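Me: I have just opened this structure and would like a friendly tour. Could we go through it with a few questions?

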Amino acid sequence: MDRRRKFLFTGPTGVGKTTAIALISDDEPVATEMAASGELAATKTTTTTALDFGQVRLEDGEVIGLYGTPGQQRFDYMWTLLQERAMGLVILIDHSRPGSLTDLQRYLDGFGELIAQTGAVIGLTRADSEAGPAIDAYHECVAEYGYMLPVIECDIRRAEDVRLLMEAVISMAEPLADDQGALPEENES
Amino acid sequence: MSETTRRTSRTLQVLEREFDTLFDRVPGLYGVLFCTADGDPIVERFERQMDRDRLAAMASSLVALGGTMARTGGQQHCDYMIVQSHDGFIVSLHIGRNLLLSALARRDTSLGMLLSSCRATSESVSARMSGAPITPRGGQSDEQDR
Amino acid sequence: MPMKRTVRLTNLAASEWMQLELMLPLLDRGTGRSWQPTEEAGADVALVDLDRPDGPEALADARRHDGCVVGLTAACDAGDVHCLQRPLRAAALAQLLRTIDGSGATAAPHEPTGDESPIPGPAIDTMGYRLVRWPSTDTMRAEPDFLRVCGALVRRPRSLDAVSRHLGLDVDTTADRLARLEGLGSVERTAIPAPEAGTPGEETAQGLMARLRNRLGVG
């Protein structure tokens, strides 16, 4: 039985999930890119439609998986599949994108079960954009769901920033690891 | 009507004609779906009610994963993704780089016939539509149509 | 208006000192008195850590200067002074102070009578901290410990000792981080139930996260 633990990255298309995983993965990540269409094709040529997968090997040989989800909601069945046994979730939100709060709500809804169990970290990219709402608006949005989650402004192209997100998500997972047995277990079905 | 719209409409007519051919060739076929490579449905013909949006997205995930799995296994290209269930088959494959074809058939369908017919349709569509722009029905991005 | 009584905290360790400072004012309703922590001699009650090397010296000093002496110890007996047994529990402290107060603050050994009624008021066993909001990104960048402290509190309030053990930080450092987070409005003090002995939630952080943290070079 695969007991592998994993962390999950989600967020809208083009926000930098694949980039974030590539920055901290030990191996070149597995990507499932397909040609982008419609308006998306104007900003990027390909997009993830199944998953991104990277891994971090610990000194004792244990491997921690890093999974990225497809961004678009039509792939929400992948969200459901990928969040099994996840120890934590990073939600990347493009602050400069119109409707960034709606984006956040989409992932708070889509990953509600996991967030209730492990919490999540909100990574805010392009946070210096004046187009987006005040940072407090993200805190308020999260609070409306009954959560208290860190909102971290980051440049996802910088490994240092991705590590800060990981530090936050690990900090939230630590109490779970302390509460023995509270870590999400593999679904036996 | 703009040039782009006229060409897109013509594209849809081409795809509809391909449906006719495919249904004629494959007994037991009960659904065909064309979608963009990234999972937006373009046009479909189903003999029963089905969720075209989810089928299109899942076809995209499966073909993407199939290609990745083939490369990881040292193979060059994933020709088909085949789902064989108790009740029948679902086959998904690329049409060029930007389109996918999915065909749904009953259990009594010959899998060989299904695969070869889908391949023929894929090649025909590729040949007839090379260069034509394909946009999802409604032409909107995923984030907006939800 | 409640009568003010003072409790002198003598040679206590920083963590217990802080716990008692926080705990004492909350005992008002339970004792019918206002118990104020103080460092000055001449208090109504003095608390002496008998388990520390300087215990005898602090005990002698308290006997000279304070009204009543309570010995804090892991043992079951504190000799000829009142005994408050470790681990510190607010309910036990409240009961002891009530007994002392009712007896006229004489320095007599505390002998449980068995007929003492339960302390009315809040069922507070210890003091702790709860997360109010996460700090800003700049603050978290500057102080990586803050992330870990907030992470420790995100699911439930914890005592200073519990946070310290959880993070593997010494108590003084943890107290400093908590105080600064309190100053930033990120955490606030709260009463929490005392954990049962051996509660998994109060064990040190599991190795997996520590190893992952090391591997990624964070924290």
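This is a predicted model: local features need pLDDT of at least 70, side-chain atom pairs count only at pLDDT 80 or more; totals for chains, interfaces and linings use all residues.

Me: Which residue forms a stacked aromatic pair with Trp79(A)?

Reply: Over all chains, the structure holds 6 aromatic pairs. In one of them, the ring centres are 5.2 Å apart and the planes are at 25°. Planes under 30 degrees apart count as stacked, and the partner of Trp79(A) in this pair is Phe111(A).

Me: How many residues apart in sequence are the parts that this pair ties together?

Reply: Trp79(A) sits in helix 2 (residues 76-82) of chain A. Phe111(A), which is buried at 0% relative accessibility, is in the loop between helix 3 (100-110) and helix 4 (112-118) of chain A. The pair therefore ties together parts whose separation in sequence is 32 residues.

Me: Which residues do ring pairs link into a cluster?

Reply: The stacked pair of Trp79(A) and Phe111(A) belongs to this group. Ring pairs also bring in a tyrosine, and the cluster consists of Trp79(A), Phe111(A) and Tyr107(A).

Me: Moving on to the two chains, what is the area buried between chain C and chain A?

Reply: The contact draws on 41 residues of chain A and 33 residues of chain C. Carbon and sulfur atoms give 59% of the buried area. That area is about 3,300 Å².

Me: Which helix of chain C gives the most to the side that touches chain A?

Reply: The rule finds 14 residue pairs in polar contact across this interface. Helix 5 (137-142), helix 6 (144-153) and helix 9 (207-216) of chain C each supply at least two residues to the side touching chain A. The one that gives the most, with 7 residues, is helix 9.

Me: Which residue of chain A forms a salt bridge with Arg215(C)?

Reply: Across the interface of chain C and chain A, the rule finds 8 salt bridges. In the one formed by Arg215(C), the closest N and O atoms are 2.2 Å apart. The partner is Asp26(A).

Me: One last stop: where in chain C does Ser186(C) lie?

Reply: Ser186(C) counts as buried, at 2% relative accessibility. Beyond its neighbours within four places in sequence, its contacts include Arg130(C), Trp134(C) and Leu181(C). Ser186(C) lies in the loop between helix 8 (171-183) and strand 7 (187-192).

Methods: Residues are numbered from 1 along each chain as its sequence is written. Chains are lettered from A and ligands numbered from 1 in the order in which they are written. Side-chain values use heavy atoms; hydrogens and water are left out. Contact means heavy atoms within 4.5 Å. Buried area is the accessible area (1.4 Å probe) that two parts lose on being put together, summed over both. A salt bridge is a side-chain nitrogen of Lys or Arg within 4 Å of a carboxyl oxygen of Asp or Glu. A polar contact is a pair of N or O atoms within 3.5 Å; within protein, one must be able to donate a hydrogen and the other to accept it, and residues adjacent in sequence count only if both atoms are side-chain atoms. Helices (H or I, at least four residues) and strands (E, at least two) are DSSP runs, numbered from the N terminus. Rings of Phe, Tyr and Trp (its six-membered ring) pair if their centres lie within 6.5 Å; planes under 30 degrees apart count as stacked, over 60 as edge-to-face and the rest as tilted. Buried means under 20% relative accessible area, exposed over 50%, partly exposed in between (1.4 Å probe, protein chains only).
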